[in-house]
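This briefing gathers computed features of the structure shown below, grouped by topic for a reader who wants to follow them residue by residue.

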Amino acid sequence: MAITIWGKIPLMLVMGKFSQPKRLNAPTRVQKTTLKAKKMPRILFRAIPSQRTINPITKGIIHGDAVIWENDNLEDLRGLETLTTIGGDLKVCDNDALTSLDALSSLTDIGNALIIVDNQELHDLGQIGKVQNLPGELNINQNPNLTDLDGLEGLEVVLGDIHIYNLDSLLHT
């Protein structure tokens, strides 16, 4: 399987049995990086300053965590439309320009927690409502422009803690 990522450093990606993130050293200009692995235990998109979208992931399964964190210019999650299963946590945190999670419309299984925190422009959870069971926590907070929780309508069971707070626009709609 190949994962193609466009971006500038710092880009940290955890693959396989590494206990620490592996730093991909890219020049200061935008560069295309292709990684190959038999299966994708964990993927981390972090602090890719020029990134506005994510290049497509062709396989629908991430066996570990999917972390999308501190990407200031990331506007949407296009490229993840074929993602059906995340074996660990789905964490979407500190992405200032992200407006919607709609590209996660094929997601049916999250193996642990769903954490959506501090995405300043997020107004739409998209269709992650296909996820019915969440073995870990549900944490949605500090997303000031999120106007509803409609994307969670299919969620039936949360076995962990539920934290939903600091959603200013939700209170004023």
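Predicted model: local features only at pLDDT ≥ 70, side-chain atom pairs only at ≥ 80, totals over all residues.

Leu-138 in strand E13 is the bridge partner of Leu-114, and the two strands concerned, E11 (residues 114–117) and E13, run parallel and are joined by 4 bridges.

**Strand E13 and its partners**
- Besides its pairing with E11, which runs parallel to E13, strand E13 also pairs with E15 in the parallel sense, over 4 bridges.

**The open sheet E6-E8-E10**
- A separate entry in this account is an open sheet formed by 3 strands in the order E6-E8-E10, with parallel pairing.
- Strand E6 (61–62) and E10 stand at the edges of this sheet, and because each has a single partner strand, one side of each is left without a neighbour in the sheet.
- E6 is joined to strand E8 (residues 85–86) by 2 bridges, with the strands running parallel, and Ile-61 stands opposite Thr-85 in E8.

**Loop residues with positive phi**
- Gln-142, which lies in the loop between strand E13 (138–141) and strand E14 (157–158), has a phi near 55 degrees, a positive value in a residue other than glycine.
- Gln-142 has a relative accessibility of 34%, and therefore counts as partly exposed.
- Asn-166, located in the loop between strand E15 (162–165) and helix H1 (168–171), likewise is not a glycine and has a positive phi of about 55 degrees.
- Asn-166 counts as partly exposed because its relative accessibility is 43%.

**A buried asparagine in a loop**
- Asn-95 is placed in the loop between strand E9 (90–93) and strand E10 (109–110), and its relative accessible area of 0% is why Asn-95 counts as buried.
- When its neighbours within four places in sequence are left aside, Asn-95 is in contact with Ile-68, Trp-69, Glu-70, Asn-71 and Leu-74, as well as with Asp-118, Asn-119 and Gln-120.

Note on methods. Residues numbered from 1 in each chain as written. Heavy atoms only, no water. Buried < 20%, exposed > 50% of the residue type's maximum accessible area, 1.4 Å probe, protein only. Contact = heavy atoms within 4.5 Å. Pairing = 2+ DSSP bridges.
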